[in-house]
Amino acid sequence: MEHAPRGQWKSKVGFIMAASGSAIGLGNIVFFSANAYRFGAGAFYIPYLIALFVMGVPVMMLELGLGHRARRGFPEAMYGVAGIKGEWVGWFCLLNAAVITMYYITILGGVLGMWIGAFGSLWQGHAVPAFGLAEGTLSNSMSYFFNMISRYDTIAYVVIVWFLNGLIVWWGTKSIEKSVKVFVPLMWIFMIVLIVRGLTLPHGTNGLMLLFTPDFEVMKNPVVWQGAFSQIFFTLSLGFGIMATYASYLPKDSDQTSNAFTISFLNCSFEYIAGLAIFSLLFCFAVVPNASTLSMTFFVIPEGLGAFPVGAQLFGILFYTLLLTAGLTSSVSLVEALGAGVIDKFGVGRRPTVIAICLLGLVGSTFFALPKVIDGSLANDGTLGLTLLDLFDHWAFSYGLLLCGLLECIFVGWILGADKLRESINTTSRIQLNRSFDVLIRFVIPAVILTILGFSVWSEVNSGGPYGWNFEFGAHPNLHIVVLAVWIIFTACGAMLLTAAGVYQRKRKRERGSLLDGVEG
Ligand code: TRP
C-alpha cells in the first residue's frame, strides 16, 4: 500500500514551538510547584537538576534521534530498533500515554470549568448540596470546585477539550504549527505577567526565600528522588513516543543534539519561573501550598488569586487561560503521536484516525469526569471519577512512564546498540556525542530507573498502596486491583493486538506481492 505523503514542519521555529509546547504543560505550572513544595522546595531543585542531566537530556536525544532516523511513527521506529518486540514497546508507550492523556484532558476540562467560573461565580461562596455542605463550610473556590465535579457539566467541558484537540491535529503538522505559533508565545507572556504581579505584591518575595533555601535533610528521603525523576519524564514529554513523532517530521539534515538542549532548556526555564510565580503569589497571602497537585490547580491557587487587592477576576481569567493553552499544546502532541503511529503503520486516512482517537479518548475522559459522589467527607477526592483518576495515575504515571523509559533505553542500548544511534545522531549534529552517551543509555539510566521502580514496589507492598490494597468501593471490593487489571489489558494487551495486526498486514502484503510476481511472470 502506498503511504500518503508525511507531514513536515515548515520551519525549525515551528518544530521547536511544537515540541516545547508539548513539554510545557500543567506539569510545569501546577504539578511542579506542588511537588517542589511537598519535597522540600529549595532542596527539590538539586535532585531535579541531576535528573535532568543524567536522564532527561540523554533520553530526549534518544527519542529525537530515533524518530528522526526512522521518519515514521513511533511503533515503526521501534520496529527498526528491535523488530516485533520493539514494535510492541512502541505501542505500549503510546497506549500508556493515551491513558495519561485521558485523565489529563479531564483535568483540562476542569480547568475550562474554572476559567468559566473566573468570570464570576468562582469568587462567591456556595452551598455544596451533593456533599451535604452548607454555604460557608468551604472556601469560595473549593465550594465552586466541588459543585462542579458533582454535576455533569464537567463531561460537557471534556467534550469541548477533545473537540479542540481533534481540530488542532486535523491537518497534522500544518494545523499544529499554526496553533503553537499563537499559543506558545502567549503562554510565555502570561507567565511573565504573573511573575511581575507576584513579585511586586507586598511580601511577594517570601515564597522565593523558601524556594531558594535548600533543606538538605529532605534529600536523604528516596521519595524525593523518585519524585524528581518521574517529574523530569513527565515534564519533558518523554516515554510517550511524542518527541520521536515530532522529530520524524523534521528535514533529514536537522541537528537533534541541539534540538534536545533547546527543548529541555525552554521547558525547564519555564518550570523554574512558574515556580517563582506560584510561590510568590501564595506565600504573599500565607496560603500554604501543602496540597496535592489537583487541589493546587483547583483551590489553592484561586484562593491566593482571590485575595488579590485588585484584579482578582482578571488574574484568575489570565491564569486559567494560561493553563488551558499550556495543556492543549501538550495533549495534542499525544493525539498526533498516536495518530501518526496508526496512519504510518496501517496506511489509513488521517481524518478517520483522528475521529476514532478522539472518540475513544472521550470515553476514557468521561469515566474520569463521573460526578457520582462516593466520599462525602472529602477525605479522598470525593467522586468516583476523581478516585479513578487517582488510581490510574498511580499506574500509568508512577510506573508506566518510567517503564517506557526503561524499555526504550534497554532496546536502543542493547539491541540496536547505543553507539549506532549515537553515530546516526552525530552525522547531522554540530555538538558530537561521545561514548558517555552509550554508558548513560546502557547502564546508568536503566540502573536508576530500576532502583526507583524497585523502591516504588517495595513501598507499595509496605504501605498497602494509595488507598490500601483492600480499598473497598461499594459492590466492587478492591477497585485498586480492577484498575490495575484494566490498565494492563489496555496497554500491554492492546499493544499485543496492534502488533499482531501489523504482523498480519505485513504477511498479506508479502502474499499479494508474490501473487503479482506470479501473474507478471
Ligand atoms: N509535558 C506535559 C506537562 O508537563 C505533559 C504531557 C506531555 C502530556 N505530553 C502529554 C500529558 C500528552 C498528556 C498528554 O504537562
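**View 1. Lining of the second largest cavity in the predicted model.** Fifteen residues, written here as 15, line the second largest cavity, and Thr106, Ile149, Thr154, Phe368 and Leu386 are those that lie nearest its centre. Its volume is about 100 Å³. Two or more lining residues come from each of α4, α5 (140-149), α12 (293-306) and α15 (384-426). By class, the lining of the second largest cavity comprises 11 nonpolar and 4 polar residues, with no charged residues.

**View 2. The largest cavity and its lining.** The model contains 4 cavities of 30 Å³ or more, and the largest cavity holds about 150 Å³ of space. Of its 19 lining residues, Ser22, Tyr104, Phe234, Phe240 and Ser330 lie nearest the centre. The elements α1, α2, α4, α9 and α13 each give two or more residues to this lining, and α13 contributes the largest share, 4 residues. The lining has 9 nonpolar, 10 polar and no charged residues.

**View 3. The shell around the ligand.** The ligand takes up the space of the largest cavity. At least two shell residues are supplied by each of α1 (12-23), α2 (26-38), α4 (74-118), α9 (222-235) and α13 (312-346). The shell divides into 7 nonpolar, 9 polar and no charged residues.

View 4. The protein buries 100% of the 360 Å² that the ligand exposes when taken alone.

How values were computed. Residues are numbered from 1 along each chain as its sequence is written. This is a predicted model: local features need pLDDT of at least 70, side-chain atom pairs count only at pLDDT 80 or more; totals for chains, interfaces and linings use all residues. Side-chain values use heavy atoms; hydrogens and water are left out. A residue is near a molecule or strand if one of its heavy atoms lies within 4 Å of it. Accessible areas come from the Shrake-Rupley method with a 1.4 Å probe; for residues, only the protein chains shown count as cover. On a 1 Å grid over the protein atoms alone, a cavity is a set of points where a 1.4 Å probe fits but cannot get out, and a pocket is an open set with protein on both sides within 12 Å along at least five of seven lines; lining residues have an atom within 4 Å of a point. A molecule sits in a cavity or pocket if more than half of its atoms lie within 2 Å of its grid points. Ala, Val, Leu, Ile, Met, Phe, Trp, Tyr, Cys and Pro count as nonpolar, Asp, Glu, Lys and Arg as charged, and the others, Gly among them, as polar. Grid points are joined across faces, edges and corners, and a volume is the space filled by probe spheres set on the points.
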